[in-house]
Protein chains: 2
Amino acid sequence: MTTLGHGKNNSPVTMRDLAKAAGVSVATVSHVVNDKPGARIGDDARRRVKEAAIQLGYRPNALAKTLSQGTSRFIGLVADAIATTPFAGQIIHGAQDEAWKHGYVLLVANTDDNRAAEDEAINMMLEHQVHGILYSSWYHREITVPKAIHQTDTVLVNCFADGSGLPAVVPDEEQGGRTATEELLAAGHRRIAFINTTTPSPAQKGRLAGYRSALEVAGIAFDETLVFPAEPEQEGGYATTPKIIDSKVTAVFCHNDRVAMGLYDGIREHGLRIPDDIAVMGFDNQDVIAAHLRPPLSTVALPHYELGAAGVRLLLGIDDTSGTHPNRIICPPVKRHSI
Amino acid sequence: MTTLGHGKNNSPVTMRDLAKAAGVSVATVSHVVNDKPGARIGDDARRRVKEAAIQLGYRPNALAKTLSQGTSRFIGLVADAIATTPFAGQIIHGAQDEAWKHGYVLLVANTDDNRAAEDEAINMMLEHQVHGILYSSWYHREITVPKAIHQTDTVLVNCFADGSGLPAVVPDEEQGGRTATEELLAAGHRRIAFINTTTPSPAQKGRLAGYRSALEVAGIAFDETLVFPAEPEQEGGYATTPKIIDSKVTAVFCHNDRVAMGLYDGIREHGLRIPDDIAVMGFDNQDVIAAHLRPPLSTVALPHYELGAAGVRLLLGIDDTSGTHPNRIICPPVKRHSI
């Protein structure tokens, strides 16, 4: 097999090569290639430079352009857990699509939520003169801002830091909890349990507030004995099953899809059917799980793609940062067959 | 709330500022900052420049350095599906850790397997003078190499292109299939089904070859009626359950963890228990699923992190590319409770 031809692109076509081929000065080539406004270049010279560029396979040097213009087309994206959930990937995807739309390129760094790796990532981004940084978390939480991040424009994505003055874009947890509960209410359920996470977080607080507000609007008194704390994963949902069955509810809103998956297992072991005996509503719309449970899980989607895209729009000044703090993104319902 | 201070980093500390503060020439600063060999700079001048750099918060300009040295510290990583599975994230994680170790930074682009987005990504990388490109796929497959990629050094990760001359690093599917089957044999099973994917792929071919070779070594005749084709997801595993039960096997090796998850549902609906009535072995060690099924799933891990890291080592010439083509990475067993 071949070995790598290291240094394959060490002799790129230069502006000098173009100038020679087109019979014009290097300055003329520079004006044409960089589309400089105000430069008076004849149509003929312009055409010859462009033809030479195509013939010789000239590629503009993005780094040189960045240096000469003093502003870069990089946006840094710091992610804490790119490898363990698809959530970070969806944020990156949304950020990249929006960045590219405006001619920017993402520099992505995964930190594993390690402060040293984070500092290294931010320094790397600053050395590459990023236009700004998106600092993201795979789950919605309050963060302590790394000091170095104040050296450039920063937008927090799926996290926030009160008092930092940094704009943030987060999912609307309360609206999501309200929407989830409303879906169950709309199907005729009146006695609805909520399995909430034991982990203090904006999701814990916001989804509970949404559950309560939906019940209130429906004229149903909030009953705190129907709120069950659980570890926010399959094992937590499974362990809660006996209490759910004892509570005589006809429907359960689960803190997330993983909890719902564990509850499915528990409900089946009790010989009950979903949704005939108990309706189940999830939260997250987690890939690999939600659509593939039996029956497919009705849920509310976390808007990770949109969080990434909105973060870029805030950073580039396309969206206004002067609204409510932080900017909340809607969590839409996803209807399947568990209600 | 604050609005973004666009242009915050438009006036960075320059070498001129450093020279003034340290009372030396700009050339001296440049020599100290860039650690140029052969330059005779007095210890005192060197110390003053370094102190001034700390005091003024001077940050070396990585882009200028790249231009002046003619080689970049970027490695491009093209990924086809960063948003839909954690697999791409794991490849990125491994590649980044290895790249950073050697002073390189990853430029990541997600293409959604779209040729136009891919061309744009590769052009962007070439314009940024990447040292080379890792071209990766979220699942192991043969690819058609985009033309532009031949303009720089490239390593294929989790994919290959026979005849392209490009080095590739892929999971060892055959060893993985053999290991999975050996785990079932070691637990005393002799009549073992294999639910294989209906999608033609190196995984389909390799895992079957591994299954056959493990049976052969154990002195068990291959019985093709025990190989069941299925869609490679939960629904496929579930749909295969009746045939599995009719076949009177005591163990099943599933093409992937998603198939195993669907088979779990089917086996439960038939009133059977895992592993007492039927043992189940997965493949992938997929996050969010494998460790959280009831019982937790024994499986074989796809080595995505290691694929990314090995790709970087090949690209940087740290690992030799002259071995077998493509380079195969071991898929290790992960023991849980379904056998």
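The legends below describe close-up views of a predicted model. Local features need pLDDT of at least 70 and side-chain atom pairs count only at pLDDT 80 or more, while totals for chains, interfaces and linings use all residues. Residues are numbered from 1 along each chain as its sequence is written, chains are lettered from A and ligands numbered from 1 in the order in which they are written, and side-chain values use heavy atoms, with hydrogens and water left out.

**View 1. Crossing of helices H1 and H3 in chain B.** The axes of H1 (residues 15–22) and H3 (residues 43–56) of chain B come within 9 Å and cross at roughly 120°. Axes are lines fitted to C-alpha atoms, for helices over the stretch in contact, and angles run from 0 to 180 degrees between N-to-C directions. Helices (H or I, at least four residues) and strands (E, at least two) are DSSP runs, numbered from the N terminus. H1(B) and H3(B) are therefore oblique to each other; angles under 35 degrees count as roughly parallel, over 145 as roughly antiparallel, 65 to 115 as roughly perpendicular and the rest as oblique. On the H1(B) side the contact (heavy atoms within 4.5 Å) is made by B:Asp17, B:Leu18, B:Ala21 and B:Ala22. H3(B) contributes B:Arg48, B:Val49, B:Ala52, B:Ala53 and B:Leu56.

View 2. B:Asn158 counts as buried because its relative accessibility is 2%; buried means under 20% relative accessible area, exposed over 50%, partly exposed in between (1.4 Å probe, protein chains only). Its side chain reaches the backbone oxygen of B:Ser137 at 2.9 Å. Leaving aside neighbours within four places in sequence, the contacts of B:Asn158 include B:Trp138, B:Tyr139, B:Val169, B:Pro171 and B:His304.

View 3. Most peptide bonds are trans. B:Pro295 is placed in the loop between strands E9 (279–281) and E10 (299–300) of that chain.

**View 4. Positive phi at A:Asp284 and B:Asn285.** Most residues other than glycine have a negative phi. Phi of A:Asp284 is near 120°; this residue sits in the loop between E9 and E10 (299–300) of chain A and is buried, at 8% relative accessible area. B:Asn285 has a phi of about 55° and is found in the loop between E9 and E10 of chain B. At 23% relative accessibility, B:Asn285 is partly exposed.

Notes:
Polar contact = N/O pair within 3.5 Å; in protein donor to acceptor, adjacent residues only side chain to side chain.
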